[in-house]
Amino acid sequence: MSLSARLRDLLSAGHAQEMTLLEGDGHFHERPASPVDAAVLVAITERDRPGVILTQRPETMRKHAGQVAFPGGRVDPEDDDLVAAALREAREEVALPSASVDIVGLTDPYRTITGYKVTPVIGVVPPDLVLRANEDEVAAIFEAPLDFLLDPANHKTNTLDYNGRTRTYYELFWDDRRIWGATAAM
């Protein structure tokens, strides 16, 4: 069975975590009632040990400087749907050709305190694609093993104060990279 088929089976079986854990930002009152739709591409490489393509944002960015993220962003008016938005953003950020992505499906959206409803779009891509970072949005492109990311032993929770409230968030460390917040939760 192909990786895409196995992932489709897993996705159709449902999520392993309760939604309250996935909506880690849900208890903040300042979250807008009408969130902005966004989509990210969770690009999983087709190899013996599948990996997930991630980006690290430049330290010079106004928002989310230096953070690890999936390729993705806001849904634009010209996007037909969430899948189209995720594919467009992946093309723009890392030059990932849309035709190279076998779309598996979508997972539940993640709502952020910054007013976004982010839908992860799961896709399988060939290994060793030549990707190119858009230097305005991406400082580095790397791949983390899927089994590492899914292993609960690697998931830590941490807290910080945000606008006078304590916020709990997920955090993982892969090599020298800190994967945290919405990216870790998704």
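Two strands are taken to pair if DSSP finds at least two bridges between them. Helices (H or I, at least four residues) and strands (E, at least two) are DSSP runs, numbered from the N terminus. The model is predicted: local features need pLDDT of at least 70, side-chain atom pairs count only at pLDDT 80 or more, and totals for chains, interfaces and linings use all residues. Residues are numbered from 1 along each chain as its sequence is written, and side-chain values use heavy atoms, with hydrogens and water left out.

On these terms, β9, β10 and β11 form an open sheet of three strands, in the order β9-β10-β11, with antiparallel pairing. At its edges lie β9 (156–162) and β11 (177–180), each of which pairs on one side only. From one strand to the next, the twist averages 40 degrees (axes are lines fitted to C-alpha atoms, for helices over the stretch in contact, and angles run from 0 to 180 degrees between N-to-C directions). Strand β10 (residues 165–174) is joined to β9 by seven bridges, and the two run antiparallel. Within β10, Tyr-170 is the bridge partner of Thr-157.

The protein as a whole contains five helices and 11 strands. Of its 186 residues, 44% are buried, where buried means under 20% relative accessible area, exposed over 50%, and partly exposed in between (1.4 Å probe, protein chains only). Contact denotes heavy atoms within 4.5 Å; among contacts with a separation of 6 or more, 62% are between residues 24 or more positions apart.

A nonpolar core is a set of buried Ala, Val, Leu, Ile, Met, Phe, Trp, Tyr and Cys residues joined through side-chain atoms within 4.5 Å. The largest such core has 26 residues, of which Ile-44, Val-52, Leu-54, Leu-149 and Ile-179 touch the most other members. Elements giving two or more residues to this core include α1 (3–13), β2 (51–56), α4 (146–150) and α5 (181–185). Its largest share, four residues, is supplied by β1. A second, separate core of 15 residues includes Ala-43, Ala-90, Leu-96 and Val-138. Beyond residues up to four places away in sequence, Leu-54 touches several residues, among them Val-68, Phe-70, Ile-141, Phe-142 and Ile-179.

Pro-126 is placed in the loop between β7 (116–125) and β8 (140–145). This residue is partly exposed, with a relative accessible area of 33%. Apart from neighbours within four places in sequence, Pro-126 is in contact with Thr-45 and Ser-100. Asp-102 is 24 residues from Pro-126 in sequence, with a C-alpha to C-alpha distance of 9.2 Å.
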